[in-house]
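Hello,

I am passing this structure on to you. Please look it over first; notes on what was found in it follow below.

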Number of protein chains: 2
Amino acid sequence: MSNDRSLTRTDERYQAMLQALKQANLRLTPQRMAICRYLSRTRSHPTPNDIFHAVHEQFPTISRATVYNTVAVLKDLGEIIELSCTGGASVRYETELTPHVNLNCTRCGRIYDFPMEKINEIFETIDSRTDFQLENIHIKGYGICPICQKELEQEEASA
Amino acid sequence: MSNDRSLTRTDERYQAMLQALKQANLRLTPQRMAICRYLSRTRSHPTPNDIFHAVHEQFPTISRATVYNTVAVLKDLGEIIELSCTGGASVRYETELTPHVNLNCTRCGRIYDFPMEKINEIFETIDSRTDFQLENIHIKGYGICPICQKELEQEEASA
DNA sequence: TTTTAAAATTAGAGCAATTCTAAACAAGGA
DNA sequence: TCCTTGTTTAGAATTGCTCTAATTTTAAAA
């Protein structure tokens with residue numbers, strides 16, 4: 001987040017998003033740009049609510065509808081990935097586009113990215129063996145994250 | 001669905017579910033049994049609403065809360081799998097417990113099961129390379145299903 | 001049996017995420 | 001300038017899910 005390399009990277013992501021909007025003949029409104037800026041800089045997996053609050057600081061009049069519309073567009077353009085969720089929980093958006101696994105902690109809800117090149121192989125395997133016109137695949141892992149493991153140990157120790 | 005082999009299989013699944021409830025010291029109420037029966041027989045990926053309507057025919061007074069409670073219990077017992085969903089869409093439940101990929105059609109929303117033993121290998125790979133306490137993984141594919149592919153071809157032909 | 005206590009079910013209220021709608025607003029081209 | 005089209009906005013509507021309090025069922029004890 002604070003070194004040159006990642007700054008360059010977030011800037012690239014930001015420019016790519018704007019470019020994509022332009023090429024789709026969509027206007028680069030200040031609101032859309034603010035949303036893209038936030039998405040390109042975050043390393044978390046924000047919910048529409050997170051995005052709304054972040055952008056709200058700059059644009060106090062922004063509406064939730066604009067957030068939902070913009071992320072829908074960015075998703076269709078392939079600039080972000082919509083992470084599915086269980087139950088009534090909110091959607092989250094993924095800005096990391098390189099092949100990776102999402103590790104979901106079932107205790108705290110945090111999502112970790114785990115890079116895995118092999119995913120392309122897995123894609124090929126599935127694609128070649130079905131008559132489905134496969135566009136992309138997504139791997140999710142569920143379990144307990146390192147932070148929660150420690151917390152659980154401490155709880156047990158003090159019990 | 002209609003041959004001996006699959007009948008036996010659905011029956012096994014049904015018995016396994018009842019057994020699991022019993023072992024967890026939960027009562028085998030008629031409502032729970034009806035829900036298990038429906039789940040063990042379906043080949044689809046039903047939503048709580050689907051389950052509610054199916055069981056409602058037999059138990060006109062059944063409440064949605066009972067459906068939600070029962071699937072939560074069955075999920076905790078590992079008898080069914082909760083499929084995550086995007087946006088406001090409803091959860092779906094998976095009754096097929098052997099390793100497989102869920103292929104989601106982005107046009108019609110159908111979900112297809114694609115068996116893949118390799119998933120256990122992938123699990124091991126991820127598990128061995130992270131300090132996450134991995135419990136299970138889930139692979140989803142997105143694309144256009146064969147049925148929709150044909151429909152799209154026809155639409156194009158007639159256009 | 002009848003009694004009793006715990007467990008389960010029910011209907012409906014409550015909640016939170018998302019979508020919809022109609023009006024206001026902004027931008028670019030004639 | 002006006003006109004058209006695309007965008008944003010606020011808030012209402014909708015939906016899926018959870019919670020709650022009252023009622024009913026269950027299984028086991030007396």
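**Contact between the two chains**

Together, chain B and chain A bury about 3,200 Å², with 64% of it on carbon and sulfur atoms; buried area is the accessible area (1.4 Å probe) that two parts lose on being put together, summed over both. In chain B, the residues that lose the most area to chain A are Phe114(B), Phe132(B) and Tyr142(B), together 19% of what that side buries.

This is a predicted model, in which local features need pLDDT of at least 70 and side-chain atom pairs count only at pLDDT 80 or more, while totals for chains, interfaces and linings use all residues. Residues are numbered from 1 along each chain as its sequence is written, chains are lettered from A and ligands numbered from 1 in the order in which they are written, and side-chain values use heavy atoms, with hydrogens and water left out.

Contact (heavy atoms within 4.5 Å) links 37 residues of chain B with 37 residues of chain A.

E5(B) provides the largest share of the side of chain B that touches chain A, 12 residues; strands here are DSSP runs of at least two residues, numbered from the N terminus. Strand E5 (residues 133–144) of chain A is joined to E5(B) by 11 bridges, and the two run antiparallel; strands pair if DSSP finds at least two bridges between them. Within E5(B), Leu134(B) is the bridge partner of Gly143(A).

Regards

Note on methods:
Helix = DSSP H or I, 4+ residues; strand = E, 2+ residues; numbered from the N terminus.
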